[in-house]
Structure formats: structure tokens, C-alpha cells
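Subject: Structure handover

Hi,

Here is the structure you asked for. Please open it next to this message; my notes follow below.

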Amino acid sequence: MPLLPILRFPDPRLKKIASPVAQIDDQVRKLAADMGETMYEASGIGLAATQVDVHRRVVVIDVSEERQQLRVFINPKLTRCEGVQAGEEGCLSVPGIYDTVERAERVTVAYLDLDGQSQTLEAEGLLAVCLQHEIDHLDGKVFVDHLSQLKQSRIKAKLAKQARVTA
Ligand code: NI
């Protein structure tokens, strides 16, 4: 299965709003499988389709230690958010940058699985953070959008410098 190239912040395509998946067909299943492989290869814990320039509402997550519990969320929607937690986040689209973001402590997410069945999941801690982070991507938001303008400018400058060094 091919690895997919990951868009890097501040690529404007990361701001696109993803469309709901109308039908779960082989194309969607292949996308989810390729996204899983891409996420594992990049040592990430979550990846949204937006990050691989596919603007459909598909997210993959694996927060397990063993890295063998791939979760696929199609058309995920937060139906309940409770409490507050603040933790350090990073993103495969913003390499080498980590900062603290406030998120809900507990969430309930409604989604379709790969068989097209409606599911709900209650999550807390890291999984809850990851769901909020990935659903943000589907809505065209990157975690740095939660930071101050000053921090965002610094991050852009740092990433531009990295790009020059590696080019
Ligand atoms: Ni991300």
C-alpha cells in the first residue's frame, strides 16, 4: 500500500473543510488503510484525510502502546464535550513543534465504521484530545490555530527555516 504525502503547515490546503463521506466503498476503505500505514510510518497517533490532501471526513487514530489498534472514524462528530484538560500537542503537519492546547476532558463521538454502521464512542484523556485534534483538521484547523498570533508567527518562521535547510 502506498504511503501518502503529508501536507505541511501553513499549506493553504490544510484550511479546506472536508465533505462528509456519502458511501463507504472500496475507495474509502483503501484511503483509510493507506492513511493508517502513513500514520504508523510517520510515528503519529492520528491522521485526518485533510492532511493527505483528501478533503473527505475520514480520521485514523491509534493511541495504543502496541500500535496495533487502528481506529477508523468516518464522518466523526462530537456530540458531547465535558471538562477541560490542557496538554502538549504536536502534529505530523507541523513537524518539530509542540505546544499546550486546552481541550475538553471527555467527549462522545458519533461516527460510521468501515462497514457503514453508526457507532458512538466515549473517550477521555489522550484519545479525547486526539479526536478533537483530528476533527479540527477536517474543519480546516490545525492545533497552532489555538495559539496566540505571536506564537503562530514564530512557528511559521521556524518551519520556513527548516524547509530552507532541508531543501
Ligand atoms: Ni494534526
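In β7, Ser118 is the bridge partner of Leu112. Keep in mind that this is a predicted model. The two strands involved, β6 and β7, pair in the antiparallel sense over seven bridges. In general, strands of a sheet pair through backbone hydrogen bonds, either parallel or antiparallel.

Now the whole sheet. Five strands form it, in the order β1-β2-β3-β6-β7. The sheet is open and the pairing is antiparallel. β1 (46-48) and β7 (118-124) stand at the edges. Each has a single partner strand, so one side of each is left without a neighbour in the sheet. On average, neighbouring strands are turned by 40° against each other, direction ignored.

Two helices pack on this sheet. Helix α1 (residues 26-41) touches β1, β2 (58-61) and β3 (71-82). The direction of α1 makes about 40° with that of β2. Helix α2 touches β1, β2, β3, β6 and β7. The direction of α2 makes about 125° with that of β7.

Thr108 sits in strand β6 (residues 106-112). Is Thr108 buried or exposed? Thr108 has a relative accessible area of 10%, so it counts as buried. Leaving aside residues up to four places away in sequence, Thr108 touches Lys77, Leu78, Thr79, Arg80, Leu121 and Glu122.

Next, the metal. Which residues coordinate the nickel ion? They are Cys91 (through SG), His133 (through NE2) and His137 (through NE2), at 2.1 to 2.2 Å. Along the chain, these donors follow the spacing C-x41-H-x3-H. Both histidines, His133 and His137, lie in helix α2 (residues 125-138). They are four residues apart, about one turn of the helix. His133 is buried, with a relative accessible area of 7%. His137 is buried too, at 0%.

On to the cysteines. How many disulfides does the structure hold? The count is zero. Cys130 is in no disulfide either. For Cys130, the nearest cysteine sulfur is that of Cys91, 9.9 Å away. Cys130 counts as buried, at 4%.

Last, the chain as a whole. The chain has three helices and seven strands. From the N terminus on, the elements run α-β-β-β-β-β-β-β-α-α. The radius of gyration is 15 Å, close to the 15 Å that the globule rule gives for 167 residues, so the chain is as compact as a globular protein of that length. The C-alpha trace spans about 45 × 40 × 30 Å along its principal axes. Of the 167 residues, 44% are buried. Among contacts with a separation of 6 or more, 64% come from residues 24 or more positions apart.

Best wishes

Technical notes: Residues are numbered from 1 along each chain as its sequence is written. This is a predicted model: local features need pLDDT of at least 70, side-chain atom pairs count only at pLDDT 80 or more; totals for chains, interfaces and linings use all residues. Side-chain values use heavy atoms; hydrogens and water are left out. Buried means under 20% relative accessible area, exposed over 50%, partly exposed in between (1.4 Å probe, protein chains only). Contact means heavy atoms within 4.5 Å. A disulfide is a pair of cysteine sulfur atoms within 2.5 Å. Donors are N, O and S atoms within 2.8 Å of the metal (3.2 Å for Na, K and Ca); water is not among the atoms, so sites may look incomplete. Two strands pair if DSSP finds at least two bridges between them. Axes are lines fitted to C-alpha atoms, for helices over the stretch in contact, and angles run from 0 to 180 degrees between N-to-C directions. The radius of gyration is taken over C-alpha atoms; the globule rule is 2.2 Å times the number of residues to the power 0.38.
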